[in-house]
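I opened the notebook to look up contacts in this structure. I go pair by pair, then interface by interface.

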Amino acid sequence: MTRMSERWQHRLLLWPLPAVLLLCYVLPFAGIAVWSVTLPEPGMANYARLATDGAIHAVLWRTLYLCATVGVLALLLAFLMAYCWLYSSPGWQRWVELCVFLPFWISVLVRTFGWLIALRSNGLVNGWLEALGVIDSPLALTRNSLGVVIAMVHFMVPFAFFPLVSSMRQIDDRVLLAARGLGASRLRVFVSIFLPQTLPGLLGAFIMVFVFCLGFFVIPAILGGGQTVMAAEYVFLQMFQTYNWGIGAAICMLMLVLVSGLVWILLRFSRVERLVG
Amino acid sequence: MTSPPSPLRDVPPVKAPLQAGGVQLSIEGIQQRYGNFLALDDVFIDIRRGEFLTLLGPSGSGKTTLLMILAGFVTPSAGRLKSAGQDITLRPAEQRHYGMVFQGYALFPHMSVAENVDFPLRVRGVDRATRRQHVARMLDTVGLTEHAGKKPSALSGGQQQRVALARALVFEPEMLLLDEPFSALDKNLRGQLQDELKRIHREMGTTFVFVTHDQSEALALSSRIAIFDHGRLAQIDTPERLYTSPHNRFVAEFLGRMNLLPLTDVQRSGRRVTGQFGAAPLSALGERHFAHDALLIGIRPEQLEVALERDDASARNWLEVTLLERTYQGHSLDLKFAGADHSVLTTSIAMTHPAASAPLGERLWLHWGIDEGIVLEA
């Protein structure tokens, strides 16, 4: 009898998670899926437009291109930082971790305006460069994709740093020593032994950053100044400015398929538990 | 006393290297300091070409540190390594051309067995055809041909060990360094791999330097053993000479079992050392000059004879003891005796021996030849 009731208690304790997921994700998602084939009228017209509309293609390609650029740059920076972290003393490791963590505690909105202040025409960076005589007229650092990329990379580095640190920590030092003992130079050890063993971590970190970037709204909206519209901002414009709910929903569906594909690759080729471990 | 021939030296290597038996590498006064801790203290060893040298000692005795210095992974605090007249103390590991087998194997997890073995050839820029040939031959030598395409994680411990061995030998290194390679394997597999290692050493004629804390492994494999104690080289010699004439108490007790009998009223005439052990006068032949008079007679368990009665006619050492313990071993019986001054002596006898049926507490006699015991400083 007690066993029975214990089992029921376990079930009762477990049901909130599926219920929340159902309420917050599956139901709204089903709504969007329905909109994409019913608004403004039933049919596949929205998907037909998705396939042919040049303006939408431009937004989607820009989104993919920016996300890939941010992914590569964030990965490069995070790799360097993780490598320094790996070979520094425990004291230094704490400092590096703190520097990576610190931006986490500041809202993305605040950071974006911070970058705006730093990068705009009469901002800090241009001011310093002019004062130093490096440039005569201000560089265009905002209202274009450069500013968006800088701020997005800054936001994404921690997300790439921790998976990379975790995959580097799993590399056995003796394996690297063995490679040197067998005649490999330090560069060779890095290229042939160290780097390949971080590949699952690199792939995982890249996909995580890429997927995260796909949905970015605040940074491109503020730093792009309407010049660098990415998918999320475009969907917002379609739904709340032009009231094209159907086409917005169709773009959402396309993004969902893309993200699902990437997550499948992530699960298939890099063991997620090793990235967080 | 002349030194007996080593057991492995009488089997010449198939591919006799140039000046076999000559000095390949001199370790000259190597010292390694970690803060106040002296890991190695003034070690001198001449490593001979083609020999199987074992560095033996308890953990923390400095043997692995010395191996790391030989490999080039650790720079010694003092002293130098000389090879062919050149000082190679500071030469980086990748330029020494020594193969190394690590504890835990250290295989490249992202490469197949064949790629692991191929790696040292690839970094040396050997052409593809030659590489393939060498890898195939090496995999055949260690019996892993059919596992060539597998990842190391798909292999058993013994197979991984063979991959590590093949990888360290495929580029025909000048020397092979092995750091406790069998410590993670079970006893049967260890014996099998030891035989294989001996065969490979014979066939390739490469100098092997082997680190272990397992004395029976050292005795079974080596042409010479260097015994380390707290960073100091206690003695280096062939296994038989280390066993039959250890220079000090540490070596005597570390290699095999030894009954130690402290002497009082020591007297010397020529090589003969005589003293009292309890009420019994004991003698042995001392080979060297001893600085102190506090001496021990050491006698191996297998040299002790057990008798029910004393035979006064024979000029041997006789010791009256009490039977303390008997442990049945199947083929033999281990006996433990109490001697004078709370000393304990051990030996083994055959089940057919008349003393095999003696009850505990029985008074028995142990005896051995005067030239069988060895004299050690206490």
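**Salt bridges in chain B**

I began with B:Asp118, which forms a salt bridge with B:Arg122, the closest N and O atoms being 3.6 Å apart. The rule for a salt bridge is a side-chain nitrogen of Lys or Arg within 4 Å of a carboxyl oxygen of Asp or Glu. I noted that this is a predicted model, where local features need pLDDT of at least 70 and side-chain atom pairs count only at pLDDT 80 or more, while totals for chains, interfaces and linings use all residues. Residues are numbered from 1 along each chain as its sequence is written, chains are lettered from A and ligands numbered from 1 in the order in which they are written, and side-chain values use heavy atoms, with hydrogens and water left out.

Why are B:Asp118 and B:Arg122 separated by about one helical turn? They are four residues apart in helix H2 of chain B. Helices here are DSSP runs (H or I, at least four residues), strands likewise (E, at least two), numbered from the N terminus. B:Asp118 is buried at 10% relative accessible area. B:Arg122 is partly exposed at 25%. The cut-offs are under 20% for buried, over 50% for exposed and partly exposed in between (1.4 Å probe, protein chains only).

Next I looked up B:Arg190. Its salt bridge goes to B:Asp214, with the closest N and O atoms 3.3 Å apart. The two sit 24 residues apart, B:Arg190 in helix H5 (residues 187-204) and B:Asp214 in the loop between strand S8 (207-212) and H6 of chain B. B:Arg190 is partly exposed, with a relative accessible area of 21%. I also found that shared partners join B:Asp118, B:Arg122 and B:Arg131 into one salt-bridge network.

Over all chains, the search finds 17 salt bridges. One of them pairs B:Glu51 with B:Arg224 at 2.8 Å between the closest N and O atoms. It links distant parts of the chain, 173 residues apart: B:Glu51 is in the loop between strand S2 (37-48) and strand S3 (52-56), B:Arg224 in strand S9. Both B:Glu51 and B:Arg224 are buried.

**A buried serine**

I checked B:Ser223, in the loop between helix H6 (215-221) and strand S9 (224-229) of chain B. Is B:Ser223 buried or exposed? B:Ser223 is buried, at 3% relative accessible area. Its side chain reaches the backbone nitrogen of B:Phe52 at 2.7 Å.

**Chain B against chain A**

How many residues does each chain give to the contact? Chain B gives 22 and chain A gives 17, with contact meaning heavy atoms within 4.5 Å. The buried area is about 1700 Å², and carbon and sulfur atoms give 66% of it. That area is the accessible area (1.4 Å probe) that two parts lose on being put together, summed over both. The rule finds one salt bridge across this interface. A:Arg180 and B:Glu94 meet in a salt bridge at 2.9 Å, N to O.

**Domains of chain B**

The domain assignment (automatic or from a database) gives domain 1 (23-97 + 174-252) and domain 2 (257-377). Their C-alpha centres lie 34 Å apart. About 830 Å² is buried between them, 50% of it from carbon and sulfur atoms. On the side of domain 1, B:Tyr243, B:Arg249 and B:Ala252 lose the most area, together 59% of what that side buries. I looked for salt bridges across this interface, and the rule finds zero.

Methods: A polar contact is a pair of N or O atoms within 3.5 Å; within protein, one must be able to donate a hydrogen and the other to accept it, and residues adjacent in sequence count only if both atoms are side-chain atoms.
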